[in-house]
Amino acid sequence: MITLSLKKIALITNGKLYGKDLFIDKIIIDTQKIVPGCLFVALIGKRFDAHIFIQDAIKKGCSSIITQKNIVCYVSYVLVDNTSIALGKIAAWIRKKTNAKVLAITGSCGKTSVKEMTASILKQNGNTISTIDNLNNNIGVPMTLLQLTHQNKYAVIELGANKPGEISYTSNITQPDVILINNIHYAHLQGFKSLLGVSKAKSEIFSGLKSNGTVIINLDSNHLSQWKKNIRKKNILYFSIKKKKYSDFFSSNIKINLNSTSFTMHTPCGKINISLPFLGHQNVSNALAASALSFSLKIPLKKIKTGLFNTPIISKRLESIILANPCKILIDDTYNANVSSMISAIKVLEKMPGYKILVTGDMAELGEKSILYHQMIGNTANLSKINKIFSIGKISHEITKIFNNGKHFFDKKTLNRYLKKIFLEKNKITILVKGSRDAKMEEVVEYLIEESKKNVDFV
Ligand SMILES: Nc1ncnc2c1ncn2[C@@H]1O[C@H](COP(=O)(O)OP(=O)(O)O)[C@@H](O)[C@H]1O
Ligand SMILES: [Mg+2]
């Protein structure tokens with residue numbers, strides 16, 4: 001973080017400083033992470049109000065506080081109207097002070113994947129910071145931007161939302177030079193009501209884009225026409241999985257292997273062979289997005305290729321785990337589930353070797369048409385080469401009811417035992433496990449990995 005005085009922080013946040021002025025180079029919002037000399041911001045969240053932890057933060061060595069309640073303490077503090085807004089204002093100020101090129105990524109799915117790929121590419125060319133894990137909301141975005149220093153050349157920021165207004169807020173703090181709406185799909189429909197609602201919310205990202213900024217457009221996405229007025233005077237790079245009329249980036253020759261995907265990438269500077277440590281067409285699309293984002297900042301193709309190849313494994317997103325080479329494969333896609341990512345998962349599974357089982361929890365937050373969407377997955381699976389579906393949860397039985405060879409479970413213990421039995425029986429098998437975050441389907445993955453370790457017969 002760029003060092004700031006408390007006086008300056010009070011000025012930026014429209015707050016009032018009590019106590020002596022100090023210099024701050026670390027801002028913390030979690031008392032468990034307090035380091036001596038830091039500034040502690042007491043946020044008010046859905047579950048708790050961190051003002052009750054102020055004394056604890058002082059005991060642990062913080063030098064100062066940002067508070068929205070009057071407090072009595074011996075360290076300096078800045079009194080503001082709203083601590084969360086104050087955090088955003090400091091982040092926006094710091095972002096403006098740096099020369100780093102800032103890229104912002106939103107969309108229904110693949111944000112984290114594209115973010116990781118883009119950061120891996122940009123790191124080849126200079127000091128890069130990026131959103132840690134999935135911290136993409138009104139607190140996570142400013143916390144990421146606070147890390148910026150004058151040494152950073154690039155920042156890759158993920159912007160997420162459950163309801164309208166959130167991305168407009170984080171985009172204005174981020175003030176990106178380049179933006180991407182990765183796609184518009186059926187996700188978080190409870191907050192957005194319809195696909196059009198999703199599209200409108202994601203297009204809020206335009207509000208923070210710099211006037212000379214660049215927009216990366218996915219020609220395969222739903223609701224593109226929505227953004228026409230937003231992109232009129234911007235630099236634009238288009239991408240699509242297959243060649244389309246305007247595509248600057250597209251792919252050909254896609255080959256999905258056991259735990260990687262290769263393809264030829266066509267770019268405005270010629271074509272190049274790419275090898276990705278991820279599965280599926282959706283990751284080819286994500287790689288094209290990451291390449292277009294990087295290309296807009298003049299990163300050469302060779303570095304794009306190396307960066308994509310070296311992207312760290314993104315845990316629980318179609319993570320391929322070979323339990324016994326090459327015939328028993330587990331695919332961990334338990335991070336989340338919505339209609340589009342479920343269809344992508346089915347497409348990946350049907351290309352895998354041996355007996356193919358999809359194990360699915362519920363797809364959450366799909367609003368009033370939730371049952372219909374689950375049934376849709378059952379129909380899609382019927383047209384695929386999947387052999388079996390196991391479901392568990394409150395609505396996922398709608399998938400197995402429709403699917404030709406489905407079975408619903410009421411508890412994970414029984415499901416796990418059943419899965420283990422089939423895993424032992426079959427010589428060649430691929431199991432893909434998926435579900436929304438609340439479904440905690442990683443418990444099934446963990447069980448299968450543990451069993452494979454202790455049971456020699458298993459592998
Ligand atoms: N471009 C894409 N289209 C459809 N599904 C995708 C895409 N990229 C990733 N996914 C799937 O979406 C889920 C979440 O991926 P992630 O990269 O964490 O996205 P996000 O950050 O937008 O939630 C995973 O199941 C992943 O396989
Ligand atoms: Mg994410």
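Modeller: Let us begin with the contacts of the ligand. In this predicted model, a backbone N or O atom of Gly 110 lies 2.9 Å from an oxygen atom of ligand 1. The side chain of Lys 111 also takes part, with an N or O atom 2.8 Å from an oxygen atom of ligand 1. A nitrogen atom of ligand 1 is 2.8 Å from a polar side-chain atom of Asn 286. Taken alone, ligand 1 exposes 560 Å², and the protein buries 94% of that area.

Colleague: Which residues come nearest to ligand 1?

Modeller: There are 21 residues around ligand 1, and those that come nearest are Lys 111, Ser 113, Arg 317, Asp 333 and Lys 434. By type, the shell holds 3 nonpolar, 13 polar and 5 charged residues.

Colleague: Which helices each supply at least two residues of that shell?

Modeller: They are helix H4 (111–122), helix H10 (281–295) and helix H12 (339–349). At the level of domains, domain 2 (98–309) and domain 3 (319–458) each give at least three residues to the shell around ligand 1.

Colleague: How does the domain assignment divide the chain?

Modeller: It gives domain 1 (4–84), domain 2 (98–309) and domain 3 (319–458). The C-alpha centres of domain 1 and domain 3 are 46 Å apart.

Colleague: How should I read burial along a helix?

Modeller: The general idea is that an α-helix has 3.6 residues a turn, so residues three or four places apart point the same way. Here, helix H8 (residues 195–202) is mostly covered, with 6 of its 8 residues buried. Those buried residues are Leu 195, Gly 197, Val 198, Ser 199, Ala 201 and Lys 202.

Colleague: Is Ile 274 buried or exposed?

Modeller: Ile 274 counts as buried because its relative accessibility is 3%, and buried means under 20%. Ile 274 belongs to strand S16 (residues 270–276).

Colleague: How does one read a positive phi?

Modeller: As a general rule, most residues other than glycine have a negative phi. Asn 14 has a positive phi, near 55 degrees. Asn 14 sits in the loop between helix H1 (6–12) and strand S2 (16–18), and is exposed, with a relative accessible area of 63%. Glu 365, which is not a glycine, also has a positive phi of about 55 degrees. The loop that holds Glu 365 runs between strand S19 (355–360) and H13, and Glu 365 is partly exposed at 32% relative accessibility.

Colleague: Finally, how many disulfides are there?

Modeller: The count comes to 0 disulfides. For Cys 73, the nearest cysteine sulfur is that of Cys 62, 8.0 Å away, whereas a disulfide requires two cysteine sulfur atoms within 2.5 Å. Cys 73 is partly exposed, with a relative accessible area of 22%. Cys 327 is likewise partly exposed, at 22% relative accessibility.

Notes: Residues numbered from 1 in each chain as written. Chains lettered and ligands numbered in written order. Predicted model: local features only at pLDDT ≥ 70, side-chain atom pairs only at ≥ 80, totals over all residues. Heavy atoms only, no water. Near = heavy atom within 4 Å. Polar contact = N/O pair within 3.5 Å; in protein donor to acceptor, adjacent residues only side chain to side chain. Areas by Shrake-Rupley, 256 points an atom, 1.4 Å probe, with all protein chains shown as cover. Helix = DSSP H or I, 4+ residues; strand = E, 2+ residues; numbered from the N terminus. Nonpolar A, V, L, I, M, F, W, Y, C, P; charged D, E, K, R; others polar. Domains from an automatic or database assignment. Buried < 20%, exposed > 50% of the residue type's maximum accessible area, 1.4 Å probe, protein only.
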